[in-house]
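Here are some notes to read alongside the structure. Take them one point at a time, and keep the 3D view open as you go.

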Amino acid sequence: MDIHEYQAKDVLSNFGVTIAPGALAYSPEQAAYRARELGGDSWVVKAQVHAGGRGKAGGVKLCQSDQEIQAACEDMFGKKLVTHQTGPQGKGIYRVYVEAAVPIEREIYLGLVLDRSSQRVMIVASKEGGMEIEDISVEKPDSIVRSTVEPAVGLQEFQAREISFALGIEPPLVQQMVRTLKGCYRAFRDLDATMVEINPLVITGDGRILALDAKMTFDDNALFRHPQISELRDKSQEDPRESRAADRGLSYVGLDGNIGCIVNGAGLAMATMDTIKLAGGEPANFLDIGGGATPERVAKAFRLVMSDQNVQAVLVNIFAGINRCDWVAEGVVQALKEVQIDVPVVVRLAGTNVQEGQRILAQSGLPIIRATTLMEAAERAVGAWSNDLKQATRVRAVQ
Ligand code: GDP
Ligand code: MN
């Protein structure tokens, strides 16, 4: 789960990372009011969206008056910000963060990531702040400092000092840098983050080290033990298909293709997507409906898959081990009666009570295309969709 910049700054400041004074606003008027409360004579207005690259896309504006703040906000609120990280559809701006502007002397890149090969948290830093890490690694690869943390002892003082020296931090500022590094590491570890990124971490003219930007991503599977983090979730920034699935307790990932997949088991769902590709099609989603596919659950899954406008055929692939094919077949029949579905549906069942399952599907009188092997199912789904394209355009009833 991602959170907003202002939320990440709040989290990190509780771990000893210094930030500039700032406040959140939901309207241009409120933004101007917040700036007056903060005081000073220049402010930065920052669009709060779950994506980087806002600066280049017009989502970060330096302002020197009430009028400038209001004008900057008028350009942001209710609009979609398109950056190289959002995809062409962009992300809606519903909140802005107003921060006292800071005189920047140096910009540093600081990131903490989970390094899977060493199974450790890795600190990645560079003198070349302000640039994206992807660009730094291409243009200035030698400037990147990497350091892995031994989890048994955590980030050590000497290690944090080594990183500071490698970044060319001046001796009087090293202690601040050490505090920042240790704060980021503790936040990462204590809150089950998978990523912390401060870009830029700045050194100001008056010798302070501040996080001018902040991004944090958390491990979804650990959110249950951090209620104060889970409540920072902002559904307006998520793929609407995925938020609907999460609300229904289904494991769903939206993709760009047009063959909707309903599968029990994550591994089988991956294999199903691969086979669709092998048959020349593109999956519209990953969906694991889990072991106990009750008729209600199958119906929920159909509704979710059909709410994606791109879906032009549905492939149901169930392997009944603990489950029973006849129950699943009943679920599919019930779902097809409840949810209005106007695209071809291919069902492949295997495992316990498969004959009984096939009989239920055959006798339902519904136009279900049956398949025995996964390859056959994928070919039928891809074939059904391409045949269907030749027919006149149909109007989709959204459930
Ligand atoms: P991003 O583009 O989404 O990563 O957004 P950032 O928060 O990193 O802001 C983009 C750029 O705006 C930063 O790299 C800074 O150069 C600049 N910026 C942000 N806040 C301030 C500030 O308070 N003062 C000054 N002078 N520049 C700022
Ligand atoms: Mn940034």
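The numbered points below go from the overall layout to single residues.

1. A word on the basis first. This is a predicted model, in which local features need pLDDT of at least 70, side-chain atom pairs count only at pLDDT 80 or more, and totals for chains, interfaces and linings use all residues. Residues are numbered from 1 along each chain as its sequence is written, chains are lettered from A and ligands numbered from 1 in the order in which they are written, and side-chain values use heavy atoms, with hydrogens and water left out.

2. Start with the layout. The protein is divided into domain 1 (1–19 + 104–238), domain 2 (21–101) and domain 3 (240–398); such bounds come from an automatic or database domain assignment. The centres of domain 2 and domain 3, taken over C-alpha atoms, are 43 Å apart.

3. Now look inside. A nonpolar core here is a set of buried Ala, Val, Leu, Ile, Met, Phe, Trp, Tyr and Cys residues joined through side-chain atoms within 4.5 Å. Buried means under 20% relative accessible area, exposed means over 50%, and partly exposed is in between (1.4 Å probe, protein chains only). The largest core has 43 residues, and those with the most contacts inside it are Leu12, Leu110, Leu112 and Met216. Helix α6 supplies the largest share of this core, nine residues. A second, separate core has 35 residues, including Ala284, Val298, Val305 and Val343.

4. Which residues does Leu112 touch, beyond those up to four places away in sequence? Among them are Val121, Met122, Ile123, Tyr185 and Phe188. Contact means heavy atoms within 4.5 Å.

5. Next, find helix α1 (residues 5–13). Helices (H or I, at least four residues) and strands (E, at least two) are DSSP runs, numbered from the N terminus. Seven of the nine residues of α1 are buried, so this helix is largely enclosed by the rest of the structure. The buried ones are Glu5, Tyr6, Gln7, Ala8, Lys9, Val11 and Leu12.

6. Two helix pairs deserve a look. Axes are lines fitted to C-alpha atoms, for helices over the stretch in contact, and angles run from 0 to 180 degrees between N-to-C directions. Helix α5 (residues 157–166) and helix α6 (residues 171–190) pack at about 115 degrees, with axes 9 Å apart. The contact residues include Ala160 and Ile163 of α5 and Val174 and Leu181 of α6. For α2 (residues 28–38) and α3 (residues 66–74), the angle is about 145 degrees and the axes are 8 Å apart. Here the residues that meet include Ala31 and Ala35 in α2 and Ile69 and Cys73 in α3.

7. Check some backbone details too. The peptide bond from Asn199 to Pro200 is cis, with omega near 10 degrees, and Pro200 lies in strand β10 (residues 193–204). Phi of Gln119 is near 55 degrees, a positive value in a residue other than glycine. Gln119 sits in the loop between β7 (104–115) and β8 (120–126), and is exposed, with a relative accessible area of 65%. Phi of Asn353 is also positive, near 60 degrees; this residue is in the loop between β17 (345–351) and α12 (354–363).
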